[in-house]
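This briefing summarises the computed features of one protein model. Please read it alongside the sequence and structure shown below.

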Amino acid sequence: MKYILVILLFITLATEAVLYKDPTQPVNTRVADLLSRMTLEEKVNQLLMVIFMTPAEAQQKYGKTSFGFFLDEKQTGIPSIVSRNEIQSYVINQSRLNIPIAFFVEALHSGGRGATIFPMPCGLGPSWNTTLIREVYTVIGQEARICGYDLGFAPVLNLMTDPRFGRFHEGFSEDPVLVQAYAPEVVAGLQGKLGGKPSDYLDINYIASLAKHFAAYGKTQGGLNASPADISLQTLFEVYLAPWISFFKSGGRGLMTAHNCINSVPCHANTWLIQDIARTMFDWKEGLISSDEVDIVQLVDYKVAYNVSDACVKALSAGVDLDLGALYYPTLYDSVKSGRISVEILDRSVSNLLRHKFASGLFDHPYTDPSKYQTVDNPAHRGLALEAALQGIILLQNQNNSLPININEIKSIAVIGPNADNADNQVGSYTNFGAPIVTFLNAIKSDVGNKILVQYSQGASIDTNDPSLIPEAVALAQKSDLSILVIGDSLYSCAEAHGDRDHLDLIGSQQELLEQVAASNKMQGKKTIVVLIHGRPVTFGNYNVLLQNISALLSAWRPGEEGGTAIWKIIKGEVNPSGKLAQSWLRYVGQIEGPANPWYKWTEGNWVWSWGTEYYSYLDQPSTPLFPFGFGLSYTSYSYSNPSVTPSTLNLNPNFTLQFSVNVENTGNVAGDEVVQVYVSYPVSPIVRWSRFLAGFQKIHLNPKQSQKVVINISVESLGYYDFFMKYQIQPGVYTLYVGGDSTAKLSTNFTIL
């Protein structure tokens with residue numbers, strides 16, 4: 001009898017062990033089985049994202065268990081993969097239940113150290129090319145997995161509506177419709193497919209997408225990081241939450257809560273935002289939610305929690321699953337034991353973490369093959385990085401067709417400016433370094449250095465006001481046929497935590513450099529080409545008078561590892577620029593949240609008082625932007641004709657899709673890419689609506705004199721709005737559609753919803 005009991009016990013234990021380790025079982029079945037076996041200590045430690053210590057140090061401090069996530073960024077290439085495999089082996093073998101650890105990476109624009117470095121989102125947004133976005137993030141997802149990561153912090157879905165904000169360069173755009181269009185492409189790229197649930201198994205050649213920062217993080221006060229977002233519910237839902245709806249529907253698997261408060265409630269303790277909106281209203285039931293660093297203890301500073309323990313209880317109760325930094329959630333052990341928070345709430349978050357590990361294949365494939373690293377940053381991927389940089393560069397000014405230059409007519413070029421040969425400033429922040437970076441100076445010298453005398457002068461400092469380098473730069477410009485100034489932002493002047501600014505003029509001694517070089521060149525009748533490598537729009541002194549002396553102005557943003565090559569190809573005319581602004585470029589800082597922003601203006605046109613003064617205007621300067629949303633010049637020209645919409649009259653049906661069409665012709669002599677933009681203006685409505693907003697877009701290629709009928713689908717549901725009672729409505733009436741190359745388009749047609 002004793003032997004029979006032993007055999008039965010062995011069979012029972014074997015059966016139980018098979019369940020959570022069986023890859024044929026559904027993810028949620030495996031999660032439930034493993035959760036039932038875990039101790040309180042093991043559960044709490046799964047909610048820790050260890051970033052400041054080794055696994056051995058973490059186990060010594062918190063107990064001999066596995067942990068949720070680990071950050072390992074000390075090495076590049078194969079050594080880094082070997083290191084992560086060693087960490088994984090240590091954690092699995094040292095923990096009772098052999099739970100693997102997960103590895104996360106900042107996947108904003110690269111997939112790991114040594115991986116391909118694409119333009120930052122501020123440089124991807126101006127491409128207006130959803131296909132390109134998916135291609136870029138497919139490479140990032142694949143290379144991140146090769147480097148040993150299973151989850152990437154991307155996309156950043158913040159709408160960057162205040163250029164003073166130091167993290168402006170992390171976002172794609174200020175426009176909800178444009179970011180809404182990009183979100184699914186990022187998810188599909190990183191995860192290998194579109195759609196699905198967090199409990200679906202992920203292709204092990206890709207990573208899970210965790211988006212940042214939920215929510216309204218770009219809506220700052222005074223341009224300051226983490227400042228409160230005091231905002232109407234209509235604007236919150238129609239603008240700042242719109243990209244998140246797209247992310248959730250696309251199968252995104254995680255989010256990070258934002259530093260800020262929304263209407264006086266910190267996002268890290270906002271049950272309404274996390275549970276009522278994300279989990280219930282948006283039906284995102286199973287995704288993983290991470291804190292941002294130090295934001296749990298920030299609840300104490302906000303005085304919504306008494307101490308760290310109370311802050312952790314409030315954050316976990318609201319639905320924040322993970323503690324980024326592993327600094328605070330260890331207190332949950334005592335809080336659960338004392339009954340201050342229930343085991344059920346703890347299990348909810350542990351289940352979300354385990355779900356990611358099972359779905360990402362970590363239990364079944366915990367190790368990475370180092371031999372695959374040789375495919376990272378390969379020629380095809382570098383070619384895609386170049387193409388992404390080319391499509392994101394915007395020609396903002398081109399007086400007298402100063403660009404492209406004819407290199408056969410030039411004997412000497414002065415390359416001037418602190419960003420002409422600064423790799424760090426070119427690729428930007430949240431970069432996984434290690435890949436070769438081609439600066440502008442590298443590119444121009446390697447291409448024409450044996451034919452044209454190319455000389456360089458730094459000319460100015462970005463992070464100090466030291467003017468001592470300016471005279472040398474002016475002298476170099478005076479003796480050269482052409483001056484190309486490459487100026488803009490450093491990693492410090494536009495960055496998280498320390499890059500917020502109170503004005504938008506060129507920082508450091510760059511403004512003085514530009515003023516002196518441009519004035520000298522103008523006196524000599526020579527061109528001054530200005531290239532901005534930057535993270536935010538800039539202004540050019542009082543009333544932007546410096547623009548008068550600039551022959552051509554290119555905005556290159558943070559263009560990635562091949563940015564220097566891309567800039568030079570456009571300057572010499574090998575490639576026709578096609579980038580379009582993904583935000584309004586303001587004339588001066590006082591226009592922020594003013595009528596120059598496309599969805600802040602509440603009327604079409606300007607009201608005029610009886611004495612002739614415009615209502616929406618300033619005493620000092622025009623209220624219009626310096627360069628409008630969607631703007632970008634080309635080396636060719638385009639004409640639009642015959643706009644139409646089918647049907648022109650329809651019954652109200654949110655599931656119906658309108659077909660808008662327009663003929664577009666390349667009227668110039670150079671092939672080019674044009675972004676066809678459609679904007680909609682509302683009919684008479686119970687509440688005031690924006691004067692117009694982006695309804696759809698399409699990027700097309702046209703050869704000289706070629707024309708094309710462009711068809712853009714517009715869903716009726718996208719035309720709705722939230723009324724005073726926060727009910728989503730679609731207004732009957734006559735709508736106007738405007739079409740053209742930017743948001744000031746005049747060509748229009750109408751349709752009516754009955």
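What radius of gyration would a compact globule of 754 residues have, and what value does the protein chain have? A compact globule with 754 residues would have a radius of gyration near 27 Å, and the protein chain, at 27 Å, agrees with this. The model is a predicted one, and its chain contains 21 helices and 26 strands.

**Overall architecture**

- The C-alpha trace of the protein chain spans about 105 × 65 × 50 Å along its principal axes.
- Of the 754 residues in the protein chain, 62% are buried.
- Taking contacts between residues at least 6 apart in sequence, 77% join residues at least 24 apart.
- The protein chain has an accessible surface of about 27800 Å², and carbon and sulfur atoms account for 53% of that surface.
- The protein chain carries 54 positive and 67 negative charges, whose mean positions are 3 Å apart.

- Helix H10 covers residues 242-249, and seven of its eight residues are buried, so the helix is largely enclosed by the rest of the structure.
- The buried residues of H10 are Ala-242, Pro-243, Trp-244, Ile-245, Ser-246, Phe-247 and Phe-248.
- Their cover includes the helices H8 (176-191), H9 (233-240) and H11, together with the strands E4 (151-156), E5 (208-214) and E6 (254-257).
- Gly-251 follows H10 and has a positive phi, near 100 degrees.

**Asp-276 in helix H11**

- Helix H11, which contributes to the cover of H10, comprises residues 271-281 and contains Asp-276.
- Asp-276 is partly exposed, because its relative accessible area is 40%, a value between the 20% and 50% limits.
- Apart from residues up to four places away in sequence, Asp-276 touches Thr-271 and Met-281.
- A distance of 31 Å separates the C-alpha atoms of Asp-276 and Gln-25, which lie 251 residues apart along the chain.

**Arg-30 in helix H2**

- Arg-30 belongs to helix H2, which is formed by residues 27-37.
- Arg-30 counts as buried, because its relative accessible area is 0%.
- Beyond its neighbours within four places in sequence, Arg-30 is in contact with Leu-19, Tyr-20, Lys-21, Asp-22, Pro-23 and Gln-25, among others.
- The contacts of Arg-30 also include Tyr-201, Phe-358, Phe-363 and Asp-364.

**Leu-396 in strand E11**

- Strand E11 is made up of residues 394-398, and Leu-396 is found in it.
- Leu-396 is buried, because its relative accessibility is 2%.
- With residues up to four places away in sequence set aside, Leu-396 touches Leu-553, Ser-555, Leu-581, Trp-585, Phe-627, Phe-631 and Leu-633.
- Leu-396 and Val-265 are 131 residues apart along the chain, and their C-alpha atoms are separated by 40 Å.

**Cysteines**

- The count of disulfides comes to zero.
- For Cys-261, the closest cysteine sulfur is that of Cys-267, at 7.1 Å, which is too far for a bond because a disulfide requires sulfur atoms within 2.5 Å.
- Cys-312 is likewise in no disulfide, and the nearest cysteine sulfur, in Cys-261, is 17 Å away.
- Cys-261 is buried, with a relative accessible area of 7%, and Cys-312 is buried at 0% relative accessibility.

Key. Residues are numbered from 1 along each chain as its sequence is written. This is a predicted model: local features need pLDDT of at least 70, side-chain atom pairs count only at pLDDT 80 or more; totals for chains, interfaces and linings use all residues. Side-chain values use heavy atoms; hydrogens and water are left out. Helices (H or I, at least four residues) and strands (E, at least two) are DSSP runs, numbered from the N terminus. The radius of gyration is taken over C-alpha atoms; the globule rule is 2.2 Å times the number of residues to the power 0.38. Buried means under 20% relative accessible area, exposed over 50%, partly exposed in between (1.4 Å probe, protein chains only). Contact means heavy atoms within 4.5 Å. Accessible areas come from the Shrake-Rupley method with a 1.4 Å probe; for residues, only the protein chains shown count as cover. Lys and Arg count as positive and Asp and Glu as negative; His and the chain ends are not counted. The place of a charge is taken as NZ of Lys, CZ of Arg, CG of Asp or CD of Glu.
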